[in-house]
Amino acid sequence: MRRTFLRLLTTVALAVATVGVGSTAVIAPAQAAYGAVKWPATGVITSKVNDRCPGYDNHDGYDIAGNYRSVVSAAYSGSVSFIGTDPGGYGKYVIISHVNGWSTLYAHMDGYVSRMRVGEYFNRGDGIGYMGYTGGVSPPGIGGTHLHFEMLRYNSPQVWNSAGTCGQSVTRNTSIPFDFVGLN
Ligand SMILES: [Zn+2]
């Protein structure tokens, strides 16, 4: 089955290449967008977008509860566009800007890696900082340690709730099973 499939692929590739000869057509390799974005932390999903696991609430991202000071990494490659502090809300948070209008937001951070600054480029999977409980977390203090993580497009939080279930364990730098259109 697999061999037949590969042969079929080869045949198609040859056909495409033949068509392309003598023309200016650019043949882009197939790109798997699905799963291109990685979980930024290791822990348990305790909230999703507008869902406090369970129950509707005004909540713009996923919460991943994990160990205090565990590493938080860039979910996708990009440059830091914002570093802020929001004592009653996000606490210490950063936004990384990506291609095609996408950005990611990481909140309640305890602190950052030393090279964290606006304009700094991080590759997908690079550590950016450490999970904490800054800002408004419940319960307060170390017991509320979690990463609040948003996927935004043109500065609007997106809904991607099919990517995980409440109570599910996720591992940092493994694929988020969702197709964020435009992120390959
Ligand atoms: Zn949250």
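Is Glu120 buried or exposed? Glu120 is buried, at a relative accessible area of 19%, where buried stands for under 20%, exposed for over 50% and partly exposed for whatever falls in between (1.4 Å probe, protein chains only). The model is a predicted one, so local features need pLDDT of at least 70 and side-chain atom pairs count only at pLDDT 80 or more, while totals for chains, interfaces and linings use all residues. Residues are numbered from 1 along each chain as its sequence is written, and side-chain values use heavy atoms, with hydrogens and water left out.

Glu120 takes part in a salt-bridge network together with Arg115, Arg117 and Asp126; a salt bridge here is a side-chain nitrogen of Lys or Arg within 4 Å of a carboxyl oxygen of Asp or Glu. Between Arg115 and Glu120 the closest N and O atoms sit 2.8 Å apart, and for Arg117 and Glu120 that figure is 3.9 Å. Both arginines count as partly exposed, Arg115 at 30% relative accessibility and Arg117 at 44%. The structure holds six salt bridges. Another of them pairs Arg52 with Asp63, again with 3.9 Å between the closest N and O atoms. That pair links distant parts of the chain, 11 residues apart, with Arg52 in the loop between β1 and β2 and Asp63 in strand β2; strands are DSSP runs of E with at least two residues, numbered from the N terminus. Arg52 is partly exposed at 36%, whereas Asp63 is buried at 4%.

Asp63 also turns up at the metal. The protein donors of the zinc ion are His59 (NE2), Asp63 (OD) and His148 (ND1), lying 2.0 to 2.1 Å from it. Donors are taken as N, O and S atoms within 2.8 Å of the metal (3.2 Å for Na, K and Ca), and water is not among the atoms, so sites may look incomplete. Along the sequence the donor residues follow the spacing H-x3-D-x84-H.

Most residues other than glycine have a negative phi, and most peptide bonds are trans. His108, in strand β6 (residues 102-112), has a positive phi of about 65° and is buried at 5%. Asn173 also has a positive phi, near 70°, but is partly exposed at 35%. Cis peptide bonds join Cys53 to Pro54, with omega about -10°, and Ser138 to Pro139, with omega near -5°. Pro54 lies in the loop between β1 and β2, and Pro139 in the loop between β8 and β9.

Methods:
Helices (H or I, at least four residues) and strands (E, at least two) are DSSP runs, numbered from the N terminus.
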